[in-house]
Amino acid sequence: MSEKLSLKTKIAYGLGDLYGGGAFIIIGTYYLYFLTDILRINPALAGTVIMVSKIWDAVTDPIMGVISDRTRTRFGRRRVYFLAGIPFIFLSFFLMWYPVSFASEIQRFIYAILTYMFFTTVATMVMVPYNALAPELTIDYNERISLTSFRMLFSMVSSIFCAILPLEIVKRFDSPLKGYTAMASFFGVFFAVPFIFTFALTFERPDFWKKQSKFSFKETFIEPFKNRSFVYVLLMYLFSFLTMDVIMSILIYFMTYYLNKGHITNLALGTLLIAEVLVIPFWSAVGRRLGKKTAFIFGLLIWIIVMLFSFAITPDSPTFVAFLFAAAVGIGTSAVIIMIYSIFADVPDIDELESGQRREGIFSGLFTFMRKMSSAVGIFLISNIVAAAGYVPPREEIIDGVKRIIQQPQSQTFIMILRFVFALLPIGLLLLSLFFTLKYPLTKSIHDRLKQILELKRKNEKLSQELRAEELYLKRILLGKG
């Protein structure tokens with residue numbers, strides 16, 4: 001089959017990440033705030049909601065990866081889950097944001113945990129097979145960059161809408177409780193419907209549907225971590241995306257309580273995401289010309305430099321400075337997001353060199369498992385830092401017969417800690433990501449050599465002595481074998 005994908009296939013695949021890109025932007029940006037200021041849950045308990053739910057989410061990811069790899073239906077291994085997930089995507093997102101009015105904080109706490117766990121279970125059922133589908137659609141190095149660019153285009157456009165529109169919807173109602181209900185209904189539909197097209201217009205490769213070996217816990221969950229390249233990609237991903245979690249979860253507090261510009265939080269975030277979208281063609285071209293690794297490094301360096309400049313922003317700075325800062329961050333993060341997913345698509349090829357199997361689902365599951373575990377711990381720590389720094393929660397009052405949320409002034413100690421966490425913690429995490437990026441061994445030329453070996457092995461052709469030596473060389477540099 002041709003490794004060049006049609007425009008229809010790229011668009012259909014990209015549509016699926018309206019959900020992945022948008023839902024988690026809303027959650028990452030507003031959910032901690034929703035728990036503390038709308039459901040009125042103590043920040044430490046709110047952090048526990050997120051941590052427990054993310055740990056549950058992380059545990060289910062590798063399980064779903066195994067299920068996906070071993071599924072055999074007339075619709076394929078992956079696409080059947082897109083169809084099954086459509087109604088549950090809407091329901092789970094709606095319930096998560098429904099502002100229950102239980103009198104007891106513990107009851108609100110339990111409701112938040114249960115609905116978040118339901119949401120994450122549905123997201124796992126859909127997004128693990130979705131991530132696993134990309135390496136099957138094409139095995140061409142540059143075509144994977146193109147496919148990922150389409151995916152990230154839809155993801156980032158969704159992120160723009162999901163950064164700006166939620167608060168705009170909430171503001172149109174006389175009560176934030178009604179506003180969040182309307183917002184949840186709208187975005188539940190927005191995330192669910194596109195999977196009709198992703199299901200109908202993508203394909204799977206029957207030649208990858210080899211019979212799976214008998215399930216082995218060690219082979220499934222331990223052996224992949226002996227793959228040197230996978231470990232490096234995983235750490236590149238974890239540290240860069242954990243940086244995003246930190247920034248997103250604390251941004252609204254930074255804008256509201258330090259800059260006194262909380263009302264433009266969604267617009268600043270929208271500016272960041274628009275910048276991400278606008279530079280997609282540029283980073284795609286850089287990746288094709290200089291390689292995915294080089295483009296990823298450039299993105300990290302830009303991001304680190306920009307975060308240092310956050311100390312120069314003060315409450316007296318003109319509003320445009322906040323938007324300029326957001327746009328500059330977006331330029332760096334665009335490269336990081338596009339390239340890491342393009343790099344991930346190459347990992348199952350490296351694994352096939354050793355295992356002889358196509359285990360995209362396992363790697364997708366492990367990838368998201370480790371990511372969500374780190375995210376859970378990171379957001380839990382941020383929420384507890386906020387609480388320990390002396391955060392004063394808002395009061396709920398009845399004004400003119402309408403229930404209002406009244407924000408309270410914060411201490412200077414809280415503001416100082418907020419500023420340092422916003423800038424220095426992300427820089428440290430990005431430096432760790434950069435360290436492991438420099439160690440990552442796969443380049444385009446090496447991938448071309450790898451692809452040649454894999455094509456011969458899939459046809460069960462005997463390798464010449466020269467190609468056998470090439471195979472051993474690739475195993476040594478990519479897997480750390482020998």
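**Close-ups of a predicted model**

View 1. Val189, Val193, Ile196, Phe197 and Leu201 make a nonpolar surface patch of about 400 Å². Patch members have over 30% relative accessible area and no salt bridge, with nonpolar side chains (Val, Leu, Ile, Met, Phe, Trp, Tyr) joined within 5 Å; a salt bridge puts a side-chain nitrogen of Lys or Arg within 4 Å of a carboxyl oxygen of Asp or Glu. Areas are Shrake-Rupley values with a 1.4 Å probe, and for residues only the protein chains shown count as cover. Helix H8 (residues 195-201) gives the most, three residues; helices here are DSSP runs (H or I, at least four residues), numbered from the N terminus. Val189 sits in helix H7 (residues 176-192) and is partly exposed because its relative accessible area is 44% (buried is under 20%, exposed over 50%, partly exposed in between).

This is a predicted model, where local features need pLDDT of at least 70, side-chain atom pairs count only at pLDDT 80 or more, and totals for chains, interfaces and linings use all residues. Residues are numbered from 1 along each chain as its sequence is written, and side-chain values use heavy atoms, leaving out hydrogens and water.

View 2. Ser229 counts as buried because its relative accessibility is 0%. Setting aside residues up to four places away in sequence, Ser229 touches Ile350, Tyr440, Pro441 and Leu478 (contact: heavy atoms within 4.5 Å).

**View 3. Helix H18 (residues 444-458) and its packing partners.** Buried residues of H18 include His447 and Lys451. The buried residues pack against helices H6 (141-171), H15 (347-355) and H19 (465-479). Just after H18, Asn460 takes a positive phi of about 60°.

Methods: Buried < 20%, exposed > 50% of the residue type's maximum accessible area, 1.4 Å probe, protein only. Patch = residues over 30% accessible without salt bridge, like charges linked within 9 Å, V, L, I, M, F, W, Y side chains within 5 Å. Helix = DSSP H or I, 4+ residues; strand = E, 2+ residues; numbered from the N terminus. Expected span 1.5 Å × (residues − 1).
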